[in-house]
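Thanks for coming, everyone. Please bring the model up on your screens, and I will walk you through the fold.

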Amino acid sequence: MSIVVRDVREHELDSVLALNNAAGPAILPLDAARLRHFFDTAEYFRVAERDGAIAGFLIGVGSHTNHDSSNFRWFCERYPDFFYIDRIVVASRRRGGGVGRAFYADAQSYAELRYPQMACEVFLEGTNDPALLFHGSFGFHEVGQHVMEEADVRAAMLMKPLCSYAWVRETYGDALPQAPWITRPRNAVAAQRLTGTAL
């Protein structure tokens, strides 16, 4: 069956939390309060559904967000405007089946209308070559490394330029067309970002 990527629903947060905390050492654990904070504030919080079940989720925020991750701050100190993927989790039984690529295609489709770059990190502890290869094949490149003080884990800091952004800004500015395929921000914080209002 096909993969459907859509906004998370509030009643699905327990399932998302369980999925996150079963993901293993490549993903930092969450508690219910932190996940609720993401639900209330994240510009992009979507799940992938396959065969009627949640197969994964992706959370992303813009660079003008007040986000407390030290990896996010590392990017903010070096780049003025970007879309940051805080975490992507795919259920173990769904890995290698296209869910990650579906998420990144959807996130890029959202981000390239609003940001010049996408940023994320991959932990370098253990064997994480598949994750590095996945990101490299999707156009990300390493721009540095950072040791997270909150987790004492070294991460490869990755960026991907979004080639369509310049054309979109020159053509439409802040007034994106009202078309169904243009994903709208989930919340008022993101809506302010799109109007050019500083946060």
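Let me start with a definition: two strands count as paired if DSSP finds at least two bridges between them. Please also keep in mind that this is a predicted model.

Seven strands form an open sheet here. The order across it is β1-β2-β3-β4-β5-β7-β6, and the pairing is mixed. Which strands sit at the edges? They are β1, residues 4-7, and β6, residues 141-148. Each of these pairs on one side only. On average, neighbouring strands are turned by 30 degrees against each other, direction ignored.

Now the overall inventory. The protein chain has seven helices and seven strands. Reading from the N terminus, the elements go β-α-α-β-β-α-β-α-β-α-β-β-α-α. The chain has 199 residues, and 48% of them count as buried. Take the contacts between residues at least 6 apart in sequence: 66% of those join residues at least 24 apart.

How far can we trust it? The mean pLDDT of the protein chain is 86. Of its residues, 87% reach 70 or more. The stretch to watch is 188-199, where the pLDDT is below 50. Beyond near neighbours in sequence, that stretch has 16 contacts in the model. Where pLDDT is low, the predicted coordinates should not be read in detail.

β6 and β7 run antiparallel, and seven bridges join them.

On to the helices. α1 lies across β2, β3 and β4. Its direction is at about 85 degrees to β3. Which residues of α1 are buried? They are Leu13, Val16, Leu17, Leu19 and Asn20. Seen down the axis of α1, these fall within an arc of 165 degrees, so they line one face of the helix. The cover over them includes α2, β2, β3 and β4.

α2 has its own buried set: Leu35, Phe38 and Phe39. They span an arc of only 100 degrees around the axis, which puts them on the same side of α2. As background, an α-helix has 3.6 residues a turn, so residues three or four places apart point the same way. The buried residues of α2 pack against α1, β2, β3 and β4.

In soluble globular proteins, nonpolar side chains tend to be buried together. The largest nonpolar core in this model has 32 residues. Leu35, Phe45, Phe57 and Phe75 have the most contacts inside it. Who supplies it? At least two residues each come from α1, α2, β2, β3, α3, β4, β5 and β7.

Let me zoom in on Phe75. What does Phe75 touch, leaving aside neighbours within four places in sequence? Its contacts are Phe82, Tyr84, Ala119, Cys120, Glu121, Val143, Met157, Leu158 and Met159.

Now α5. This helix lies across β5 and β7, running at about 165 degrees to β5. Within α5, residues 129-137, you will find His135. Is His135 buried or exposed? The cut-off for buried is under 20% relative accessible area. His135 is at 7%, so it counts as buried. Leaving aside neighbours within four places in sequence, His135 is in contact with Tyr104, Cys120, Val122, Phe140 and Leu158.

For contrast, Pro80. Pro80 lies in the loop between α3 and β4. Its relative accessible area is 67%, so Pro80 is exposed. Not counting residues up to four places away in sequence, Pro80 touches Ser63 and His64. Pro80 and Gln117 are 37 residues apart in sequence, and 9.9 Å apart in space, C-alpha to C-alpha.

To recap: an open, mixed sheet of seven strands, a largest nonpolar core of 32 residues, and a stretch at 188-199 with pLDDT below 50. Over to you for questions.

Key: Residues are numbered from 1 along each chain as its sequence is written. This is a predicted model: local features need pLDDT of at least 70, side-chain atom pairs count only at pLDDT 80 or more; totals for chains, interfaces and linings use all residues. Side-chain values use heavy atoms; hydrogens and water are left out. A nonpolar core is a set of buried Ala, Val, Leu, Ile, Met, Phe, Trp, Tyr and Cys residues joined through side-chain atoms within 4.5 Å. Buried means under 20% relative accessible area, exposed over 50%, partly exposed in between (1.4 Å probe, protein chains only). Helices (H or I, at least four residues) and strands (E, at least two) are DSSP runs, numbered from the N terminus. Contact means heavy atoms within 4.5 Å. The arc is that of the directions from the helix axis to the C-beta atoms. Axes are lines fitted to C-alpha atoms, for helices over the stretch in contact, and angles run from 0 to 180 degrees between N-to-C directions. pLDDT is the predictor's confidence in each residue, from 0 to 100.
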